[in-house]
Amino acid sequence: MIERTLSIVKPDAVAKHGIGKVLARIEEGGLEVVAGRFLRITRAEAEGFYGVHRERPFFNDLCTFMTSGPVFVSVLEGENAIARYREILGATDPAKAAPGTVRALFATDIEKNAAHGSDAPETARIEIGFFFPGCELV
């Protein structure tokens, strides 16, 4: 099934000049970038985007990290895009991520883990809509 998913190359990977390398892995993995934007997320945007984690102890640190530098957000499309991109990303904890995955290569630690990918079709729809109005999608 053809799906879309959201990708965010986070500030730690951007600082390591990883945007192009992450995009290369995405394309090598059979996914197509159908929208993309380089931006700096505001505190309000970070709190809104990660609102589902508001009650978790890491919420404040996550929002602080996500606003600490620029990010590259994109919409990816392809066969089973959600699962495929999560495989390209690797485990959330970079110490457990398979060699060659985005997180193994670019993550700082479990909290600064290089990139975000949607975890389910409904989440993807909401997350894509957060950053991209429908008119911006190819």
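Where does His-116 sit? The place to look is strand S4. Keep in mind throughout that this is a predicted model.

**View 1**
His-116 belongs to strand S4. With a relative accessibility of 14%, His-116 falls under the 20% cut-off, so it counts as buried. Its side chain makes a polar contact of 2.9 Å with the side chain of Glu-127.

**View 2. The four-stranded sheet.**
Here's the open sheet, with 4 strands in the order S2-S3-S1-S4 and antiparallel pairing. S2 and S4 (115–117) are the edge strands, each pairing on one side only. On average, neighbouring strands are turned by 15° against each other, direction ignored. Helix H5 (residues 81–89) packs on this sheet and touches S1, S3 and S4. The direction of H5 makes about 35° with that of S1.

**View 3. Strand S1 and its two partners.**
Zoom in on S1 and you'll find a mostly covered strand, with 6 of its 8 residues buried. S1 and S3 run antiparallel and are joined by 8 bridges, while the antiparallel pairing of S1 with S4 has 3 bridges. Follow Ile-8 across the strands: its bridge partner in S3 is Val-73, and its bridge partner in S4 is His-116. Ser-7, for its part, stands opposite Gly-117 in S4.

**View 4. Ile-8 in the largest nonpolar core.**
Which residues have the most contacts inside the largest nonpolar core? They are Ile-8, Met-66, Phe-131 and Phe-132, in a core of 20 residues. Strands S1 (2–9), S2 (32–39) and S3 (71–79) each give two or more residues to this core, and so do helices H3 (43–49), H4 (59–66) and H7 (121–131). H4 supplies the largest share, 5 residues. Not counting residues up to four places away in sequence, Ile-8 touches Met-66 and Phe-131, and also Phe-49, Tyr-50, Val-71, Phe-72 and Val-73, among others. As a rule, nonpolar side chains in soluble globular proteins tend to be buried together.

**View 5. The buried face of helix H7.**
The buried residues of H7 are Ala-124, Glu-127, Ile-128 and Phe-131. Look down the axis of H7 and these residues fall within an arc of 100°, so they line one face of the helix. The buried residues of H7 pack against S1, S2, H3, S3, H5 and S4. Glu-127 is the residue whose side chain makes the 2.9 Å polar contact with the His-116 side chain.

**View 6. Thr-64 on helix H4.**
Is Thr-64 buried or partly exposed? Thr-64, in helix H4, has 39% relative accessibility and therefore counts as partly exposed. Now find Ile-82: Thr-64 and Ile-82 are 18 residues apart in sequence, and their C-alpha atoms lie 26 Å apart in space.

Terms used
Residues are numbered from 1 along each chain as its sequence is written. This is a predicted model: local features need pLDDT of at least 70, side-chain atom pairs count only at pLDDT 80 or more; totals for chains, interfaces and linings use all residues. Side-chain values use heavy atoms; hydrogens and water are left out. A nonpolar core is a set of buried Ala, Val, Leu, Ile, Met, Phe, Trp, Tyr and Cys residues joined through side-chain atoms within 4.5 Å. Buried means under 20% relative accessible area, exposed over 50%, partly exposed in between (1.4 Å probe, protein chains only). Contact means heavy atoms within 4.5 Å. Two strands pair if DSSP finds at least two bridges between them. Axes are lines fitted to C-alpha atoms, for helices over the stretch in contact, and angles run from 0 to 180 degrees between N-to-C directions. The arc is that of the directions from the helix axis to the C-beta atoms. A polar contact is a pair of N or O atoms within 3.5 Å; within protein, one must be able to donate a hydrogen and the other to accept it, and residues adjacent in sequence count only if both atoms are side-chain atoms.
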